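Biologist: I am new to this structure and would like to understand the words used for it. Could you take me through them one at a time, setting each value against its definition?

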Amino acid sequence: MDIRKKVIVDTDFMNYMSRGKDGIDYYFNKIVNDLNLIPVVHEFLYNKEMMGNPLVSKLVKEGKLTVIKYEDFLEDVDDPYYSNLFADLYRYCNERPLNYGKSNFRTYQEVEANLGEIHSVILALYTGYPLFFSNDNGSKTMARTKINTSQYQLDVKNVMDIFDDIAIMKNKTLTKKDFVNLTKGDDSRKRRIQEIKEKWVE
């Protein structure tokens, strides 16, 4: 029995893994292995946002990233609860009502509308997966205010939260040099990066 936790990853997180000179698969594999996690991605994100990245497709083909399809967790692919929750979270994130028009939650598309994060959070709620790696700060607030209950808690972590966890681990494959390479040029997080460097255990 595989006791590793499943973690949902979003596009922003995967894009951050692409920053380093050694390639997305190098950093991604080290991080999920160090944290003993099984990474998955919602099919909407993979098909609509990640398909253009050949390195992400390579991870999927090698079995290092699993694409979760609607039929994998929905008995009815037109599930009315999913549809209503999607519309509710859309309104919460975008401060306007959702107009499906002739589409549905599976086919609706709109740029800069947080659709990937919405689908990912709903996937987590349906499956009970406990972790979501997202570099979108709004995901934490959405989970805390709209999803988390006394029965279910979704832990949303951005890349710096993840590095914080890894920094203090004694047995890990991600090195301080890897961390420096991956965060190089990230001027918006200079202070946090320096704090993590100072606590890094080799």
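Biologist: What share of the 202 residues of the protein counts as buried, and what makes a residue buried?

Modeller: Of the 202 residues, 49% count as buried, where buried means under 20% relative accessible area, exposed means over 50%, and partly exposed lies in between, with a 1.4 Å probe and protein chains only. This is a predicted model, in which local features need pLDDT of at least 70 and side-chain atom pairs count only at pLDDT 80 or more, while totals for chains, interfaces and linings use all residues. Residues are numbered from 1 along each chain as its sequence is written, and side-chain values use heavy atoms, with hydrogens and water left out.

Biologist: How do you know whether the radius of gyration agrees with that of a compact globule?

Modeller: The radius of gyration is taken over C-alpha atoms, and the globule rule is 2.2 Å times the number of residues to the power 0.38. For 202 residues a compact globule would have a value near 17 Å, and the protein has 17 Å, so the two agree. Along the principal axes, the C-alpha atoms fill a box of roughly 55 × 35 × 35 Å.

Biologist: Why is His42 called buried?

Modeller: His42 has a relative accessible area of 0%, and the limit for buried is under 20%, so His42 is buried. The residue lies in strand S2 (residues 37-42), a strand being a DSSP run of E with at least two residues and a helix a run of H or I with at least four, numbered from the N terminus.

Biologist: What makes the approach of His42 to Tyr82 a polar contact?

Modeller: Their side chains come to 3.0 Å, and a polar contact is a pair of N or O atoms within 3.5 Å, of which, within protein, one must be able to donate a hydrogen and the other to accept it, while residues adjacent in sequence count only if both atoms are side-chain atoms.

Biologist: Why are S1 and S2 said to pair?

Modeller: Two strands pair if DSSP finds at least two bridges between them; four bridges join strand S1 (residues 5-9) to S2, so they qualify, and they run parallel. In this pairing Lys5 stands opposite Leu37 in S2. S1 also pairs in the parallel sense with strand S4 (residues 131-133), over three bridges, and there Ile8 has Phe132 as its bridge partner.

Biologist: How many aromatic pairs are there in the whole structure, and why is the pair of Phe73 and Tyr126 called edge-to-face?

Modeller: A search of the whole structure finds 15 aromatic pairs. Phe73 and Tyr126 lie 5.7 Å apart centre to centre, with 70° between the planes; rings of Phe, Tyr and Trp (its six-membered ring) pair if their centres lie within 6.5 Å, and planes under 30 degrees apart count as stacked, over 60 as edge-to-face and the rest as tilted, so this pair is edge-to-face. Phe73 lies in helix H5 (residues 70-73) and Tyr126 in helix H7 (residues 115-127), so the pair ties together parts that are 53 residues apart in sequence.

Biologist: Are Phe73 and Tyr126 buried or partly exposed?

Modeller: Phe73, at 15% relative accessibility, counts as buried, whereas Tyr126, at 25%, counts as partly exposed.

Biologist: Why is helix H2 described as largely enclosed?

Modeller: Eight of the eleven residues of helix H2 (residues 24-34) are buried, so the rest of the structure largely encloses this helix. Among the buried residues of H2 are Tyr27, Phe28 and Asp34.
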